[in-house]
Amino acid sequence: HEIYSMQRDGSGLIQITFHNAISQHPSWSPDGRSIVYTSNIDGDFDIHLFNVQSGKHTKLTDNNYADYRPTFSPDGQYILFCSKIDRAWEIRRLTVSTREVTTLFPR
């Protein structure tokens, strides 16, 4: 369960994650500079960001419940994702510049 990137023609295969965990649900930023994804590298699923130029991975959420299926807003300012809290789902929004998380649709 690792994340890879490649050109549309199948060339240029590059491994993005090297975790001994599950990494899934990758989504490119609108400007092509970052990939946001879900990983359970620390035990539960959190949202992570990969900077394509620097190769740096940044953990964006850190909580006691599962965060899934991140995707960037069209302007790249937000990351929308789902959180499973006490067997109920919420849709949440993370502001990329401040890492502030807002619940849009509560359980």
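Figure 1. A search of the whole structure, which is a predicted model, finds 5 salt bridges. One of them joins aspartate 31 to arginine 33, with the closest N and O atoms 4.0 Å apart. Aspartate 31 and arginine 33 are both exposed. Another salt bridge pairs aspartate 42 with lysine 59, and here the closest N and O atoms are 2.5 Å apart. Aspartate 42 lies in the loop between strand E4 (34-39) and strand E5 (46-51), whereas lysine 59 belongs to strand E6 (residues 57-59), so this pair ties together parts that are 17 residues apart in sequence. Side chains of opposite charge can pair when their charged atoms come close.

**Figure 2. The salt-bridge network that includes lysine 59.** Salt bridges link Asp42, Asp46, Lys59 and Asp62 in a network. Within this group, the side chain of lysine 59 meets that of aspartate 62 at an N to O distance of 3.3 Å. Lysine 59 also forms a salt bridge with aspartate 42, at 2.5 Å between the closest N and O atoms. Lysine 59 is partly exposed, its relative accessible area being 24%. Aspartate 62 has a relative accessibility of 64% and therefore counts as exposed.

Figure 3. Leaving out residues up to four places away in sequence, threonine 58 touches Ile47, His48, Leu49 and Arg99. Of these, arginine 99 is in the turn of the hairpin formed by E9 and E10, where its phi is positive, at about 65 degrees.

Figure 4. The side chains of histidine 25 and arginine 69 are joined by a polar contact of 3.4 Å. When neighbours within four places in sequence are set aside, histidine 25 is in contact with Val36, Tyr37 and Thr38, and also with Tyr68, Arg69 and Pro70.

**Figure 5. Pairing of strands E8 and E9.** Strand E8 (residues 78-85) and E9 pair in the antiparallel sense, over 8 bridges. In this pairing, isoleucine 79 stands opposite leucine 94 in E9. The two strands form a hairpin with 2 residues between them. Aspartate 86, in the turn, has a positive phi of about 50 degrees.

**Figure 6. Pairing of strands E9 and E10.** E9 and strand E10 (residues 101-105) run antiparallel and are joined by 4 bridges. Arginine 92 stands opposite threonine 103 in E10. E9 and E10 form a hairpin with 5 residues between them.

**Figure 7. A nonpolar patch on the surface.** The patch is formed by Leu80, Ile91, Leu104 and Phe105, which together have about 330 Å² of accessible area. Isoleucine 91 lies in strand E9, residues 88-95. With a relative accessible area of 37%, isoleucine 91 is partly exposed.

How values were computed: Residues numbered from 1 in each chain as written. Predicted model: local features only at pLDDT ≥ 70, side-chain atom pairs only at ≥ 80, totals over all residues. Heavy atoms only, no water. Patch = residues over 30% accessible without salt bridge, like charges linked within 9 Å, V, L, I, M, F, W, Y side chains within 5 Å. Areas by Shrake-Rupley, 256 points an atom, 1.4 Å probe, with all protein chains shown as cover. Buried < 20%, exposed > 50% of the residue type's maximum accessible area, 1.4 Å probe, protein only. Polar contact = N/O pair within 3.5 Å; in protein donor to acceptor, adjacent residues only side chain to side chain. Contact = heavy atoms within 4.5 Å. Pairing = 2+ DSSP bridges.
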